[in-house]
Amino acid sequence: LERSEYQLERGHRIQNTFLEGNQDVKKKDENDRKDESELKNLDKNDPHIQIYLYFRGLLKEWEQVLLQRPDKVKHTVAGKNETKTMQQCLDYIQPLFKVCLKKQL
């Protein structure tokens, strides 16, 4: 049953990478380092970049709040749903991030 939750939307072929395991943590760390180096080269006065940075900041803050929860809360059904919801939002907002970074909004 949990493996079927791995597939969030068949039509969009978006997968909940949060259920895949520790390999995603490494990939996420690499992506964060890559993002930090790319951010240094961005014009922070550009409205596209401001939108990107604002929503990226909100998602990182949300992620930190979820990570600070006690393990007891994380392992409840509600806790797992909160984590899945955050990951799903992150997956769904990626197209907006790409458009903002390409300045095509």
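I started at Ile-93, which is in contact with Phe-55 and Leu-59 once neighbours within four places in sequence are left aside. For contact I took heavy atoms within 4.5 Å.

Notes on the source. This is a predicted model, in which local features need pLDDT of at least 70 and side-chain atom pairs count only at pLDDT 80 or more, while totals for chains, interfaces and linings use all residues. Residues are numbered from 1 along each chain as its sequence is written, and side-chain values use heavy atoms, with hydrogens and water left out.

**Entry: overall layout**

I went through the secondary structure and found five helices and two strands. Helices (H or I, at least four residues) and strands (E, at least two) are DSSP runs, numbered from the N terminus. Along the sequence the order reads α-β-β-α-α-α-α.

Next I looked up burial: 22% of the 105 residues in the chain are buried. The cut-offs are under 20% relative accessible area for buried, over 50% for exposed, and partly exposed in between (1.4 Å probe, protein chains only). The chain's accessible surface comes to about 8,000 Å², and 53% of that belongs to carbon and sulfur atoms. Those areas come from the Shrake-Rupley method with a 1.4 Å probe; for residues, only the protein chains shown count as cover.

I also checked contact range. Of the contacts in the chain with a separation of 6 or more, 51% are between residues 24 or more positions apart.

**Entry: the core**

Which residues make up the largest nonpolar core? I get five residues in all: Tyr-52, Leu-59, Ile-93, Phe-97 and Cys-100. A nonpolar core here is a set of buried Ala, Val, Leu, Ile, Met, Phe, Trp, Tyr and Cys residues joined through side-chain atoms within 4.5 Å. Helix 3 and helix 5 each supply at least two residues of this core, and the largest share, three residues, comes from helix 5. As general background, nonpolar side chains tend to be buried together in soluble globular proteins.

**Entry: aromatic pairs**

I counted two aromatic pairs in the structure. Tyr-52 and Phe-97 pair edge-to-face, because their ring centres are 5.0 Å apart and their planes stand at 80°. Rings of Phe, Tyr and Trp (its six-membered ring) pair if their centres lie within 6.5 Å; planes under 30 degrees apart count as stacked, over 60 as edge-to-face and the rest as tilted. This pair links distant parts of the chain, with Tyr-52 in helix 3 (residues 47-67) and Phe-97 in helix 5, 45 residues apart. Tyr-52 counts as buried at 6% relative accessibility, and Phe-97 is buried at 6% too.

The other entry on my list is Tyr-54 with Phe-55, an edge-to-face pair at 5.3 Å centre to centre and 75° between the planes. Tyr-54 is exposed at 51% relative accessible area, whereas Phe-55 is partly exposed at 32%.

**Entry: Leu-96 and the end of the chain**

Is Leu-96 buried, partly exposed or exposed? I find Leu-96 partly exposed, with a relative accessible area of 29%. Leu-96 lies in helix 5 (residues 77-102) and touches Phe-55 and Leu-105, not counting residues up to four places away in sequence.

Last stop was Lys-103, in the segment after helix 5. Lys-103 has a positive phi of about 60° although it is not a glycine, and I noted Lys-103 as partly exposed at 42% relative accessible area.
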